[in-house]
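The following exercises ask the reader to describe a protein chain step by step.

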Amino acid sequence: MRDLCKHQNFLDNLKVCWRSEHDNCGECPKCVRTMLALYLLGAKSQALPKLDSLTKLKNFQAENLGGVKFLEDAMILAEDVGNRTVQRILQRYYLRYQIRIQMKQLIRMLDRYMLGGILGRISRSVRKPDELKMRVTLRGS
């Protein structure tokens with residue numbers, strides 16, 4: 001991102017949003033991530049609103065490995081530029097993600113070893129049954 005910030009024309013035409021075909025919404029996680037990186041690097045983009053309030057970081061939640069990787073990179077960047085406020089906010093989100101993952105693992109282990117997997121079977125039978133109907137088999141049906 002530091003290298004990209006050297007080219008203002010690129011930043012002014014940056015399109016990262018998945019919600020909008022034409023503009024960046026400035027609210028979705030991808031927009032907020034990019035706005036945060038620009039904020040930390042002291043760069044501006046006409047294509048994205050300025051991150052004027054850190055409350056927008058609430059829109060960002062680490063739900064997958066990509067989100068966690070961003071959190072790790074953003075924490076390092078915040079530390080590099082000396083922004084302890086942003087670093088602490090991101091560390092809280094990172095800790096929440098780690099706790100959530102460990103709780104899921106604990107529940108899976110308890111289910112597997114103490115309940116014989118009954119919770120997993122119930123979860124699979126209730127969760128997204130329509131997706132199971134749309135599965136493609138080797139026979140093509």
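The exercises below concern this predicted model, and each is followed by a worked solution.

**Exercise 1. The overall fold**

Determine how many helices and strands the chain has, and state the pattern they follow along the sequence.

*Solution.* 
Step 1. Count the elements: the chain has six helices and zero strands.
Step 2. Read them in order along the sequence, which gives the pattern α-α-α-α-α-α.
Step 3. Consider the contacts in the chain between residues at least 6 apart in sequence: 51% of these join residues at least 24 apart.
Step 4. Consider the surface. The accessible surface of the chain is about 10,400 Å², and carbon and sulfur atoms account for 54% of it. Of the 141 residues, 30% count as buried.

**Exercise 2. Buried or exposed?**

Classify leucine 48, glutamine 87 and lysine 6 as buried or exposed, and locate each of them in the chain.

*Solution.* 
Step 1. Recall the cut-offs: a residue is buried under 20% relative accessible area and exposed over 50%.
Step 2. Leucine 48 has a relative accessibility of 6%, and therefore counts as buried. Leucine 48 lies in the loop between helix 2 and helix 3. Its contacts, not counting residues up to four places away in sequence, are Leu14, Asn24, Cys31, Thr34, Met35 and Leu38.
Step 3. Glutamine 87 also has 6% relative accessibility, so this residue counts as buried. Glutamine 87 belongs to helix 4 and touches Met75, Ala78 and Glu79, not counting residues up to four places away in sequence.
Step 4. Lysine 6 has a relative accessible area of 63% and is therefore exposed. Lysine 6 is found in the segment before helix 1 (8-12). From C-alpha to C-alpha, lysine 6 and alanine 43 are 9.0 Å apart in space, while 37 residues apart in sequence.

**Exercise 3. A pocket and its lining**

Describe the second largest pocket by its space, its lining residues and how they divide into nonpolar, polar and charged.

*Solution.* 
Step 1. The second largest pocket holds about 170 Å³ of space.
Step 2. The lining of this pocket is formed by Met35, Leu38, Tyr39, Gly42, Ala43, Lys44, Ser45, Leu48, Pro49, Lys50 and Leu51.
Step 3. Sort these lining residues: seven are nonpolar, two are polar and two are charged.
Step 4. Connect this with Exercise 3: Leu48 is one of the lining residues, and leucine 48 counts as buried.

Definitions and conventions. Residues numbered from 1 in each chain as written. Predicted model: local features only at pLDDT ≥ 70, side-chain atom pairs only at ≥ 80, totals over all residues. Heavy atoms only, no water. 1 Å grid on protein atoms, 1.4 Å probe; cavity = no way out; pocket = protein on both sides within 12 Å on 5 of 7 lines; lining within 4 Å. Points joined across faces, edges and corners; volume = space filled by probe spheres on them. Nonpolar A, V, L, I, M, F, W, Y, C, P; charged D, E, K, R; others polar. Helix = DSSP H or I, 4+ residues; strand = E, 2+ residues; numbered from the N terminus. Buried < 20%, exposed > 50% of the residue type's maximum accessible area, 1.4 Å probe, protein only. Contact = heavy atoms within 4.5 Å. Areas by Shrake-Rupley, 256 points an atom, 1.4 Å probe, with all protein chains shown as cover.
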